[in-house]
Amino acid sequence: MEKFEFLSNIIKTRRTIRYFSDQEISKDLLIKIMDVTRWIPTGSNLQDLRFIIVYNKKILRLIKMFSPGWIGDGNSVTIVICSDLKWALERGGLYAAKEMYLIHVGIAFQTIALLAHSLGLGTNPIVSFSKEAVKTILKLPENLEPVMIVLIGYPKVVPEPTPRLPLDKIISWVE
Ligand SMILES: Cc1cc2nc3c(=O)[nH]c(=O)nc-3n(C[C@H](O)[C@H](O)[C@H](O)COP(=O)(O)O)c2cc1C
């Protein structure tokens, strides 16, 4: 029960952070987070995800220009979550390369977000961005598909919790 309560608290108090303080984010913390994130499950243990961690401020500014979903500001590092679609296709087939990789990105984001929150960091997932522009800016190889940009940094503003539907609206029982 102790573990359940600890984890529930981390899950429920995580918020999307859009405004970050000036505090620098150490590479050690990011390595800590990513070293746990590599334990996420993937279909057939495909492990198709690749994470590009962008510290370079000039490149971050460029990415922001092509990301309408990036609406806040402040000092953040960006983790671009990509799937290696060639890898996914060769090892997992068409379904893996067309749909399953998106599920993997969701699992990776939530894992990163919860770990970051447990360390006092905040995250902002962004899917509204130009994939083509990000591919060009980061000089990504053809096989890497950027799916989500995750901003990560120290929160400056923590928003109020957003509402959630009640349990009886979202579950039904088959007995
Ligand atoms: C798949 C996905 C895409 C999202 N895209 C954006 C985005 O482009 N820009 C943004 O500011 N927030 C984005 N968000 C954050 C959501 O708006 C946020 O999670 C939601 O309003 C609930 O608020 P909370 O995370 O603080 O609980 C995204 C979240 C998810 C899961």
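Four strands form an open sheet in the order β2-β3-β5-β4, with antiparallel pairing. The edge strands are β2 (49-54) and β4, and each of them pairs on one side only. From one strand to the next, the twist averages 25°. The model is predicted.

**Strand pairing**

- Strands of a sheet pair through backbone hydrogen bonds, either parallel or antiparallel.
- β2 and β3 are joined in the antiparallel sense over six bridges. Val54 has Thr78, in β3, as its bridge partner.
- Strand β3 (residues 77-84) also pairs with β5, antiparallel, over eight bridges. Here Asp84 stands opposite Leu144 of β5.
- Strand β4 (residues 122-126) pairs with β5 over five bridges, again in the antiparallel sense. Gly122 has Gly153 of β5 as its bridge partner.

**Strand β5**

- β5 covers residues 144-153, and eight of its 10 residues are buried. The strand is therefore largely enclosed by the rest of the structure.
- In the strand order, β5 sits between β3 and β4.
- In a regular strand the side chains alternate between the two faces of the sheet.

**Helices**

- Helix α4 (residues 85-118) lies across β2, β3, β4 and β5. Its direction is at about 155° to β3.
- Helix α1 (residues 2-13) has 12 residues. From its first C-alpha to its last it reaches 17 Å, close to the 16 Å expected at 1.5 Å a residue.
- The number of buried residues in α1 is zero, so this helix lies largely in the open.

**Ligand shell**

- Around the ligand are Arg15, Thr16, Arg18, Gly69, Ile71, Asn124, Pro125, Ile126, Val127, Ser128, Pro159 and Thr162.
- By class, this shell has five nonpolar, five polar and two charged residues.
- Strand β4 spans residues 122-126, and the shell includes Asn124, Pro125 and Ile126.

**Loop between α2 and β2**

- Thr42 is placed in the loop between α2 (27-37) and β2.
- Thr42 has 19 other C-beta atoms within 10 Å. A residue needs 20 or more to be buried and 12 or fewer to be exposed, so Thr42 is partly exposed.
- Beyond its neighbours within four places in sequence, Thr42 is in contact with Gln47, Asp48 and His104. Helix α4, residues 85-118, takes in His104.
- Thr42 and Ile149 are 107 residues apart in sequence. In space they are 19 Å apart, C-alpha to C-alpha.
- Asn45 is found in the loop between α2 and β2. Its phi is near 50°, a positive value in a residue other than glycine.
- Asn45 is exposed, because it has 8 other C-beta atoms within 10 Å.

**Loop between α5 and β5**

- Lys139 is placed in the loop between α5 (131-137) and β5.
- Phi of Lys139 is near 50°, which is positive in a residue other than glycine.
- Lys139 counts as exposed, because it has 6 C-beta neighbours inside 10 Å.

Terms used: Residues numbered from 1 in each chain as written. Predicted model: local features only at pLDDT ≥ 70, side-chain atom pairs only at ≥ 80, totals over all residues. Helix = DSSP H or I, 4+ residues; strand = E, 2+ residues; numbered from the N terminus. Pairing = 2+ DSSP bridges. Axes fitted to C-alpha atoms, helices over the stretch in contact; angles between N-to-C directions. Contact = placed C-beta atoms within 7 Å. Near = placed C-beta within 6 Å. Nonpolar A, V, L, I, M, F, W, Y, C, P; charged D, E, K, R; others polar. Expected span 1.5 Å × (residues − 1).
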